[in-house]
Structures are given as C-alpha cells and as structure tokens.
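Thank you for making time this morning.

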Amino acid sequence: MEIRITNLNKTFSSPDGDVAALKNVTLTVPANQVTTLLGPSGCGKTTLLRCIAGLESPDSGEIAFGDQVVWSGQGKKPYSVPTEKRGIGMVFQTYAIWPHMTVFQNVAYPLEARGLPRDEIARRVAEALEFVQLAGFERRPATALSGGQQQRVALARALVSQPKILLFDEPLSNLDAKLREETRRELRRLLTQLGVTALYVTHDRSEALALSDHVVVMRAGEIVEQGSPQEIYFRPKSRFVVEFLGGTNFVEGTLVANEGEWARVETPMGQLLCHGADGMSPGRRVTVYIRSDALSPASPESQEPNRFQGRVESLIFVGEYYDAELRVGETRLMARLATTHSLAEGQETPMTIDPAGCRVLE
Ligand code: ATP
C-alpha cells in the first residue's frame, strides 16, 4: 500500500522561536518497497514519520494510505484516524521492547490488547518469531537477549498485527558497528521477503544505501532529492547530497558544450568531459563533482578522455585501497586508488578521470 503525503506542514514553537520542521512536503512512498528518509539531524525525518504514524499532528496538508485518507487539514477541524486504527507497525527507538516481559509476552502484547483468542495469539506469535528466526526463545526474559535479537523481537512485535505499513526510526542506532551491519543485512532480507511498505528513518548513509529500494534525502524540512540508492549515489544532482554521501571533489568551471548525455566544462584543470548538464546552456558557471574512485593513473600511451598530468601529494595505504591526494595544476583531488598501482609520494604521473564519475551539479 503506498503512502501519499501532500503539502504537509508542521511548525513547532520553542523558546527560541518557531521551527518549521516540515515545509510543504509532497511525497509518494512506493508500495511494498523499503524507502528511507535520509538527512542530517534536525531535518524533519522523525517529524514526518511521527505524522504518518499519527503521533504528531501536522498543521496542514494530507496523508493517505492507498485510497484512505488518514489525516487531512482541509475543513474546519482536521480529520485524523487514530494511530491504533492506521494499520501500521512501528519499530522506534522509543518503542523498545519491555524488559520485564518474556519474548512471548512482548510479541503477544498487541494482540492481547485487541482481545484476540489465546490460541490465535499463540499461533501468530509463533509465526512472527519463526519469521525473525527466534523460535525457541519464547520463555526468555527479553533482557537476556543480544541487542540484535532484541531488535528482532521489536520487529516481530510490529509484524504480529500483520500491518500493511511498517515504520522504523533509527532502530539500529544503539547497536555496535559490527552488529549494526549484520542486523541491517538481516532486516533487508526480512523486509524483501515480507513485501510490505516500509519507511525507515536514518542519518546513516550506508544504512540508507544498503537497506532501501528508494532513498529520500531531506534538508531543513524539505525533500532535496529522491531515487534508487544507485541514482542517489551515482547521479546526484546537488552538492548537498554529494557532501552528505561523503563526496569531496568539486571543481568550478564554465559549461562549453552540451551534447546530449555528455557535457564539456572548462575548468582550471583543463577541459572535463562530464555527465549531467541536462537543459543547461553553454556559458553557464557550474560545479563539477568528481567521484574519488573515478581517478586512476594512466599509461603514457593511452588515449582516454579526461587525461591530465598530476602529482601524488600524499598516499595512504588503508588496506583495500590507497587514499591519495593528487594535484593537477592548482586543483587538489582526493582519490581512492587500487593498490595494484605502484605509486610514490611526490611522483608525477599521467592520470585519467572516468567521465562517468564526473557530474555537473545543479
Ligand atoms: P534527528 O536525526 O536528530 O532525530 P530529525 O531529522 O528526525 O533529526 P526532527 O526530530 O523531525 O528531525 O526535528 C525537526 C526539527 O523540529 C528540529 O529542528 C527539531 O529541533 C524540531 N522539533 C522536533 N520536535 C520538536 C518539539 N516537540 N518541539 C519543538 N521543536 C521540535
């Protein structure tokens, strides 16, 4: 079931003045896929999720699940379907499992609250625990589990009511790095298998890329870009998104030609063949983003485009690759180089920049 958000606004008042947490947000969360809301702290991700859950009341706009409107600010009084009637499951940090209950009791709770017969509760809890691979843990006190297992209990509890929509708010942020990676792989597998509409809030870019089918990047209450993880990573449109994803190489220049998919930009390094100047006219000042893995040393006789004479300013071996700082004229570029290249600090070398790794930003 898709989630449709139209012109949603939410402003909080605080002693420091009003904070516009959501500014006219319009978004369709695709049905039966995993979508993440990604962005820096304070950009409005949690507020949007809480509005969808019915835990926060927007100021204006509309939220619909499929054809059913669950919140609308039109009319004299806002129309709102209460949280428990929205058919959602939630795995929030603040909705952690209950420590004084067993695994079974934790997962059974939402069904008991609805007064379901005991045998049906037992059957559905067993199914949910089987699904998250915790069958056999029913009688364990919830606290006698690892962090990752506790998160799976929280997921089982969210699933047991068979929701059409699952909402997650940074559910892995309390786990250590290794467990977080394992749990997110597991979660990806479970969510893909389940095929529900999942909306997941995170400020962790690798979590967003690894988990989602669709990534929505937010900034200061607005959506800046959205697309598949590959689109966001390989074809970003704005400097904000590039920087948020860890990109560092930006070169200023003037667009000299725009040839369909390709563009030529005159820069202090020389002319660069790039992607992404759709609809821009020659003469325009632009910023080109160069991905650090697009740079590589070239053989002297090669004829590739984007060939420059560079100097290796620094070279740090980090195991799987070299973190190198290269200089072309006055331009400094960070590069991630394969360790198969034999290079040394201070060395002058011809190098190429793969045009597919150069993008003109809007
Ligand atoms: P984080 O990753 O840190 O959780 P976020 O992107 O989820 O951040 P929100 O929690 O949605 O951001 O907050 C958006 C803005 O609204 C922030 O500036 C925050 O300070 C403000 N805000 C959120 N809740 C309240 C509140 N109850 N009262 C006042 N301001 C609030």
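This is a predicted model: local features need pLDDT of at least 70, side-chain atom pairs count only at pLDDT 80 or more; totals for chains, interfaces and linings use all residues.

**A helix and the ligand beside it**

Helix H1 is mostly covered, since 7 of its 9 residues are buried, where buried means under 20% relative accessible area, exposed over 50% and partly exposed in between, with a 1.4 Å probe and protein chains only. The buried residues of H1 are Lys45, Thr47, Leu48, Leu49, Cys51, Ile52 and Ala53. Just after H1, glycine 54 takes a positive phi of about 85°. Helices, labelled H or I and at least four residues long, and strands, labelled E and at least two, are DSSP runs numbered from the N terminus.

Residues are numbered from 1 along each chain as its sequence is written, and side-chain values use heavy atoms, with hydrogens and water left out.

Which residues surround the ligand? They are Phe12, Val19, Ala21, Pro40, Ser41, Gly42, Cys43, Gly44, Lys45, Thr46, Thr47 and Glu170, a residue being counted if one of its heavy atoms lies within 4 Å of the molecule. This shell divides into 5 nonpolar, 5 polar and 2 charged residues; here Ala, Val, Leu, Ile, Met, Phe, Trp, Tyr, Cys and Pro count as nonpolar, Asp, Glu, Lys and Arg as charged, and the others, Gly among them, as polar.

Turning to individual atoms, an N or O atom in the side chain of threonine 46 is 2.6 Å from an oxygen atom of the ligand, a polar side-chain atom of lysine 45 lies 2.9 Å from a ligand oxygen, and for cysteine 43 a backbone N or O atom lies 3.0 Å from one. Of the 640 Å² of accessible area that the ligand has on its own, the protein covers 61%, with areas taken from the Shrake-Rupley method and a 1.4 Å probe. Strand E2 (17–29) and helix H1 (45–53) are the elements that give two or more residues to this shell, and H1 gives the most, with 3 residues.

**Sheets and hairpins**

Let me move on to the strands. An open sheet of 5 strands has the order E16-E20-E17-E18-E19, with antiparallel pairing, and two strands are said to pair if DSSP finds at least two bridges between them. Strand E16 (295–297) and strand E19 (331–338) stand at the edges with a single partner strand each, so one side of each is left without a neighbour in the sheet. Strand E18, residues 321–328, pairs with E19 in the antiparallel sense over 8 bridges, and leucine 326 stands opposite leucine 333 in E19.

Elsewhere, strand E4 (residues 60–65) and strand E5 (residues 68–72) are antiparallel partners over 4 bridges. These two strands form a hairpin with 2 residues between them, and glycine 66 in the turn has a positive phi of about 60°.

**The chain as a whole**

The C-alpha atoms fill a box of roughly 75 × 50 × 40 Å, taken along the principal axes.

Key: A polar contact is a pair of N or O atoms within 3.5 Å; within protein, one must be able to donate a hydrogen and the other to accept it, and residues adjacent in sequence count only if both atoms are side-chain atoms.
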